[in-house]
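Let's take a walk through this one together, stopping at a few spots worth a look. Have the viewer open and follow along.

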Amino acid sequence: MASYTPEQEKAIFDLDRSLVVTAGAGSGKTRVLVGRYVNILEEQAADIDEVIAITFTEKAANEMKGRAWEEIIKREKKAGSPEEARRWRELARRLQSARISTIDSFCAQLVREYPVEAGVDPEFAIMDELDMRRAMYAAARSAVDKMLQRKDPYMTSLVVDKGFGVVAEALCRVFEKLRMTGKPFDECLGITMVSLDQSEAEAERALTDLKFVLAAAAESRGVSANVDHLKLEPPQPGSPELFDVPGLMLKIDSVATGLKLKKRSNEQKEIDELKAVLYECLLDRFAREGVRSVVDACKLMDEEYRAQRGNGAMMDFTGIELAARDLLRDTPAGAACRSRFKFVLVDEYQDTNRLQDEIVSLITGEPYGNRRFVVGDPKQSIYRFRGAVVEVFEEAVRAAVGDAAGLADKCGCIELGINFRSAGPLVDVTNALFAKILGPVRFSPAKSHRTAPSPDIPRAELMLVRLEGKEKGPKGELEAEVLARRIAEMVGNEERLVCETIVGEDGPMAAARPVGYGDIAVLLRTMTHVKEFEAALSRHGIPYYVVGGAGFYGRPEVIWLVDLLRAIDDRSDVTSLAAVLRAPVFGLSDESLLRLKMAAGSLDRAVWDEEAGSDPAGTAGEPDAPGARGLIGAELAKFRRARTCLRTLAAAAGRMPVGALVKAAIEIGGFEEHFAFVEQGAQSIGNLRKLAQMAEDETSARSCLHDFIADMEFAGDLSAREAEAAMEEESADTVKVMTVHKSKGLEFPVVFVPELARPARRSGGGLFEYSLSLGLAAPVQVRDEWRRTTRHVQAVAEDIRAGDDEEGKRCLYVAATRASDYLVGSATLPGPGSRAWSSGGPSWYEHLCSAMPELGEGGSANVPGAIVVDRETGAAILVRRCEELDIRELMQETGGQLDEAAAGWDSQTERAGREAPRPRDEPPGIAEFAPLAGPVRFVAGAAKTPSQFSVSALMCFSHCARWYLYEYVYRLGRIPRDLRNAFGAELQLNAAVRGQVVHSVCERCGHATDSAQARALLLEELHLRGADNVLAYSVADELMPMVDTFLRRYPGPSREGHREIGFLMDVGGPIVSGVMDRVDVLPDGSVLVVDFKTNRVSGAAVDEEAARYAVQLDAYAVAAGRVYCADRVTARLHFLYTDEVCDRSYGPGELLQAAEGLRKLADEASRHDLRNTPIRRIAECDRCYFAQLCGFTAQDPYGFFDDSPEDEDDISPAD
């Protein structure tokens, strides 16, 4: 802005009267505030200490100070004399201590200056949110308890029915609302009684009208009807009932029945409506006792809350404002302040509450004279949940124009109507939409100042996601995917969306530059679904920064770490101990926890008792220790590590500061190592470090671990708004993700506003509610039943909902006006035949459609790529349409998470509580293979979803049905046998682990890999599994002969055959899945499929062992034949340790027979459960680790197979 507009000049230079300035979005109100502030100093109308400037946030206060300093320095440089320059220099020096702050900071400073008059400790501390909530909740519980001790009938009955904690929490909420009004509790009670009196009068009118209708109906039918006995009788003295409401309703029904009216007649409908009104109003007779009881409880809570705060030693923000109000109103200090401060400038006045408005009025005094200057915009009032009252500013505007108090000669009203922020086409869109959404009373069209380089191109875009099925609510992951893809498209294609002014030969002209990540902001209505958007942005590699998020205390890593601290703080806390052991950081299975409990008597004894914890593996010839009997292999190693961690930390607890202990817990527990290999692990590690820093910061105030845990628990229960650790700098070139409320006062070149179709959340459903105009609402008890359907309660709830709906419209306006150059909205629409989502208030999309019907169903927006133009204003919006199936296919390409139906997986075979396998690269070209061997798409609407079986599951079932049920149906965890050999006792390198290592090395060997390079790969794989150098070299010596066998048998280019081929295969109903180690297409067109085995068998045992893998050979042969369109297949087992092979040949007939055998086996497996599967002892029971579940004792439990096949959907722990 090169110069001030006429309206801005009036606001800045007119110091002769008070002013109320209505400043629309982007109208330069901050510049006006700074200009008036500096002009006051320039005209020497007041000294810098005599001017108060109140902003909404500390950030805004600092910005105003910075701008004022710049203006002061400019005037110093332009000073006409040394004395004038010295004066400006002195003002610049004193500006740092000037009273430019939030109203809370101003009140705190004022109260500290007059502590005696304010009745507070001069060194009072300001409570943080957790301390305030804790003290307030304790006060509420104390107040409810005192009400019960008084035997208050209402509160006693309410606590009995609802519960002590529910009533205390509801009292907390309504107490906070009442305090923010600044009114005495009795005055709030008076407002309520007025509303109840109106309800009583309405009941009288309803009964009179009802009697008239009954009498008229009787007269029209020529029958007599006595209605004189229908009366609202006052309660009898000493009667427990205030009024017999059901009795009156029965009398009315009796009269109406005698008239024999038809159910659907007009007379009957009118009688029913009047009866409903009468009943609701009569219930309010029971409400008086309840609201008095709640107000009495609030008074007791106020006294207790003062005591909790040390009677002025600690203050919350509302308490500070109340103390400042009382100081200004009731003590001589108020007059001193009014004479001391000559000018008061207040920003964002539309977001003040009644108490803050009263404070400002007490500072300026009556009449205002030229002292008061307030700036606001009723269209941007969005802090109602904090007690903001938009009517405060609207009343100030009416007063300024002479509609109230006759102050027109002393107070003026100015409207700043030019938008300097947004490009012209974007201003046209907001004018067209919000003139109809907000209405002409609260909306004045803005004038645009900035021009766009191509004014005919739409600068607003709407993306509509259409669902396929009948959903109960929007699917956020779909909309997040569309949003992230659009951002990637914008930046990747270097779309020129950001307008700027350049100086050309003919002077300044509008131009456009490519958009970058730092130009973009995503504004959410709430942070409820922010994780879906974070995941989508990460999936597309888009850097982002979440501003002021929430959910820190609900993060799994934070919960697990607090569980760990709780377990070491209280060794008898078995619940926390079990949670720690089950957490993925340690990863013990439920079965292992059960075994520990059964062996030691309790889980805590298994961990903490010395007897139960000594030598858990039973080494050196000693029997297993009670605490770990039955744990072997990997589960035993996990338990040992967890127990060592817990004992080490427990020994350190109380001997080191809390912050150091939390850091030690993260390090010893291996939290960072675990999260380094999981999705979004960097965020989890950041959160852990943030928690450690929080513990370190708390050490000075809370040196006790128990207190720190209590803080974390209380914050978690409260769902306190604590942001997760920042992974990017806010100032970096990142997409900013924040709520609309956080974006207030900010602007961004490109703004995305998603979830337009999500219904708004409404308040007003609490146990107690309060409305400024109607007062307090509380449930009423009629006999033994609690009701919230009284006339007064419904009126209060409706008033609150109406206020929420209006604020929702204003919130949409704020979101839309944050964009300076380009605005993108998105909405998820219900599928065909679905009802509109109605749980909550109206959505933003509904508001948009009401303003521009073409955006809704049946409008021109249904055409993909349509441009919707408002006929009145010419505002244009580009509409893009996306279908659910198309989005899901795109998500599959980028690794997005699909639901089961779209991915083709059976929910009954979902991996539960098992560690995910190491990812493998998908073999090239697998999508081109025959459909029967590729991914199986389930038909939507099919009567039954086909069952899916892995090859290893079918092999298991072919040997023992009960083993199959235990492991693959009921998901009991496999525990490999403990080999305890030369490889060491701590690292269990059993046959399964050896097989994994050898398979991985063979997979990685290229056509030029020699033995030395293969050995290096082998050592690398062993190191990845935790082996140290000594152990790795020792094991490599044993495994290297198998690798050499592979190199020798598959030399040079032949080593580059098709490897690790995954498949999903339909065998006539059931789906079979697996992974083939190697497939070669031979010159004669036949196919050789090879599965490598690391079993140590030779000679005649080879054929015997091969028979055990018959099901696997059949499955691989059928899959290979279908994949490579071959009718002759050889399935080979290659035992690498002895370099022996076992081949099985399949022709067309054998392949059909094998497929039919797989189908029958799968069908039979699907019909089995424990009830129809008898126990039968076979030779393998001696090697089965589930033998005890069948009543047998396994002599060498490790399972049936040393080397099981690899299955893409269900990798066995023995792979």
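At what angle do helix H21 and helix H27 pack? Before the answer, keep in mind that this is a predicted model. H21 covers residues 556-569 and H27 covers residues 658-668, and the two pack at an angle of about 110 degrees, with 11 Å between their axes. Angles of 65 to 115 degrees count as roughly perpendicular, so that is the label for H21 and H27. Their crossing is right-handed. If you want to see who does the touching, pick out Leu561, Leu564, Leu565 and Ile568 on the H21 side, which meet Leu661, Val662, Ala665 and Ile666 on the H27 side. Sort the residues of this contact by type and you get 8 nonpolar, no polar and no charged.

Now zoom out for a moment. The chain is 1215 residues long, and 54% of them are buried. It holds 42 helices and 30 strands. Take the contacts between residues at least 6 apart in sequence: 74% of them join residues at least 24 apart.

Six strands make it up, with parallel pairing, and reading across you get S3-S2-S6-S7-S1-S8. Strand S3 (99-102) and strand S8 (411-416) sit at the edges, each pairing on one side only. From neighbour to neighbour, the strands of this sheet are turned by 15 degrees on average, if you ignore direction.

S2 (residues 51-55) pairs with strand S6 (residues 343-346) in the parallel sense, over 4 bridges. Ile52 stands opposite Val344 in S6. Helix H5 (residues 103-113) packs on it, touching S2 and S3, and the direction of H5 makes about 120 degrees with that of S3. Helix H17 (residues 390-400) also packs on the sheet, where it touches strand S1 (18-23), strand S7 (372-376) and S8; its direction makes about 125 degrees with that of S1.

Back to S2, which has another partner in S3: the two run parallel and are joined by 4 bridges. Ile52 turns up here again, with Arg99 as its bridge partner in S3. How many of the residues of S2 are buried? The count is 5 of 5, so S2 is mostly covered, with buried meaning under 20% relative accessible area. In a regular strand the side chains alternate between the two faces of the sheet. In S2, Val51, Ala53 and Thr55 point one way and Ile52 and Ile54 the other way, and all are buried.

Two loops next to these strands are worth a stop for their backbone. Most residues other than glycine have a negative phi. Gln44, in the loop between helix H2 (29-42) and S2, has a positive phi, near 55 degrees. Glu348 has a positive phi as well, of about 50 degrees, although it is not a glycine. You'll find Glu348 in the loop between S6 and helix H16 (354-364). Which of the two is exposed, and which is buried? Gln44 has a relative accessible area of 56%, so it counts as exposed. Glu348 has a relative accessible area of 9%, so it counts as buried.

At the S23 end, S23 pairs with strand S24 (residues 876-883) in the antiparallel sense, over 3 bridges.

Our last stop, Leu812, is in H31, which spans residues 791-816. Leu812 has a relative accessible area of 5%, so it is buried. Leaving aside residues up to four places away in sequence, Leu812 touches Phe434, Ile437, Leu756, Trp844, His847 and Leu848. Val740 is 72 residues from Leu812 in sequence, yet their C-alpha atoms are 8.3 Å apart in space.

Definitions and conventions: Residues are numbered from 1 along each chain as its sequence is written. This is a predicted model: local features need pLDDT of at least 70, side-chain atom pairs count only at pLDDT 80 or more; totals for chains, interfaces and linings use all residues. Side-chain values use heavy atoms; hydrogens and water are left out. Axes are lines fitted to C-alpha atoms, for helices over the stretch in contact, and angles run from 0 to 180 degrees between N-to-C directions. Angles under 35 degrees count as roughly parallel, over 145 as roughly antiparallel, 65 to 115 as roughly perpendicular and the rest as oblique. A crossing is left-handed if the near helix is turned anticlockwise from the far one by less than a right angle, and right-handed if clockwise. Contact means heavy atoms within 4.5 Å. Ala, Val, Leu, Ile, Met, Phe, Trp, Tyr, Cys and Pro count as nonpolar, Asp, Glu, Lys and Arg as charged, and the others, Gly among them, as polar. Two strands pair if DSSP finds at least two bridges between them. Buried means under 20% relative accessible area, exposed over 50%, partly exposed in between (1.4 Å probe, protein chains only).
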